[in-house]
Amino acid sequence: MTDGCLAVDIGGTKLAVALVTDDGVIHWRASRATPSRHVFAELAELCTMALEHASTNDMVLTGVGVGCGGPMNRPAGTVSPLHIPEWCDFHLAKRLESLTHLPVVVDNDAKALVMSEVVAMSQQLTNGRMELSNSTSNCGLMAIVLGTGVGAGLHVDGRLLHGVTGNAGHIGHVVVDPDGAECECGSRGCLEALVSGPAIERRTGTSAADVSDAERRMCGVWVGRAIASACATLNINTVVLGGSVGLGLGEKFLGGIDTALDTHHGAALLQRPVVRYVTFGVDAPLIGAAALVFPRSAMSMVD
Ligand SMILES: [Zn+2]
């Protein structure tokens, strides 16, 4: 018998599920492209496959953790992901509770991403065991996801930051170039309008994976400007980057971020943040989704 949970990652291009044990290890996974219609039916099939696999492999599931594209309404328990138009104020948690008969926690995908880094830090501090020491509680941590959309999750003063409606960290709509491209939100020059996968493709005519070094560097400069603003506001000392687009942009992208921080991070009283990729790479969204429902005894930094 092994204890674990069902982790679900819902993005604009991919639906993924995994069985994750309470020590943060993925034991089984499956994914499909996000369909343009009947998204929940597709997701339900994946979840049912996961439940069957858990049952045949003696895994006891204690809950379902879901990272979903934003925005969400946390008090109402609904999601309205911009890249899944048929889900508007959609009661995702209730639907998954009915399907799985397990407790379900739904949160924004970027907030799940930051929780994956909390798991990584806790494992590093305890040589692989999931016990968190108080020394991580004074770490100001931001995780930025760059994919179909752009968002961030924040873990400050030892807890995940939610905000009034659960959408704290929506860095994708911080303006980093007032003369930049129009954004779907109605503004101009938002980070998401410049560095999301679709935005890069619109501007360059090629996919984010194939863009030039100069373009990778410029994306880094834009992200760096947003990081400088966030760090000045929240006194963050560690920034991790993830998402399918972010992970593929590489060293030139990180160099662009450094350049922007050289220019814009002028407040000498604030600590310059360490900026790096997420520890768990492509697995981070699922490990983070699982961390939303890890037992408090194992994840004392989860509020
Ligand atoms: Zn915007």
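This is a predicted model: local features need pLDDT of at least 70, side-chain atom pairs count only at pLDDT 80 or more; totals for chains, interfaces and linings use all residues.
User: OK, which domains is the protein divided into?
Analyst: There is domain 1, covering 2-109 + 287-291, and domain 2, covering 114-284; the bounds come from an automatic or database domain assignment. The centres of the two domains, taken over C-alpha atoms, are 23 Å apart.

User: And how many residues from each domain does the contact take?
Analyst: Domain 1 gives 21 residues and domain 2 gives 19 residues, where contact means heavy atoms within 4.5 Å.

User: What area is buried between them?
Analyst: About 1,500 Å² is buried between domain 1 and domain 2, and carbon and sulfur atoms give 52% of that. Buried area here is the accessible area (1.4 Å probe) that two parts lose on being put together, summed over both. On the domain 1 side, Arg74, His83 and Ile287 lose the most area to domain 2, together 31% of what that side buries.

User: How many salt bridges are there across that interface?
Analyst: The rule finds 1 salt bridge between domain 1 and domain 2, a salt bridge being a side-chain nitrogen of Lys or Arg within 4 Å of a carboxyl oxygen of Asp or Glu. Looking at individual pairs, Arg29 forms a salt bridge with Asp283, with the closest N and O atoms 2.6 Å apart.

User: How many residue pairs are in polar contact between the domains?
Analyst: The count is 10 residue pairs, with both residues at pLDDT 80 or more. A polar contact is a pair of N or O atoms within 3.5 Å; within protein, one must be able to donate a hydrogen and the other to accept it, and residues adjacent in sequence count only if both atoms are side-chain atoms.

User: Which elements supply the domain 1 side?
Analyst: Strand 3 (26-33), strand 5 (72-73), strand 7 (104-108) and helix 8 (284-291) each supply at least two residues of the side that touches domain 2, and helix 8 gives the most, with 3 residues. Helices (H or I, at least four residues) and strands (E, at least two) are DSSP runs, numbered from the N terminus.

User: Changing topic, in what order do the 5 strands of the open sheet run?
Analyst: The order is 10-9-8-11-12, with mixed pairing, and two strands pair if DSSP finds at least two bridges between them. Strand 10 (159-160) and strand 12 (274-277) are the edge strands, each pairing on one side only. Strand 8 (residues 141-146) and strand 9 (residues 150-156) pair in the antiparallel sense over 6 bridges, and Met142 has Leu154 in strand 9 as its bridge partner.

User: Back to salt bridges, how many does the structure hold?
Analyst: It holds 9 salt bridges.

User: Where is the cis peptide bond?
Analyst: The cis peptide bond joins Gly70 and Pro71, with omega about 5°, and Pro71 sits in the loop between strand 4 (59-68) and strand 5.

User: What about phi of Asp89?
Analyst: Phi of Asp89 is near 50°, a positive value in a residue other than glycine, and Asp89 is in the loop between strand 6 (78-79) and helix 2 (92-100).

Terms used
Residues are numbered from 1 along each chain as its sequence is written. Side-chain values use heavy atoms; hydrogens and water are left out.
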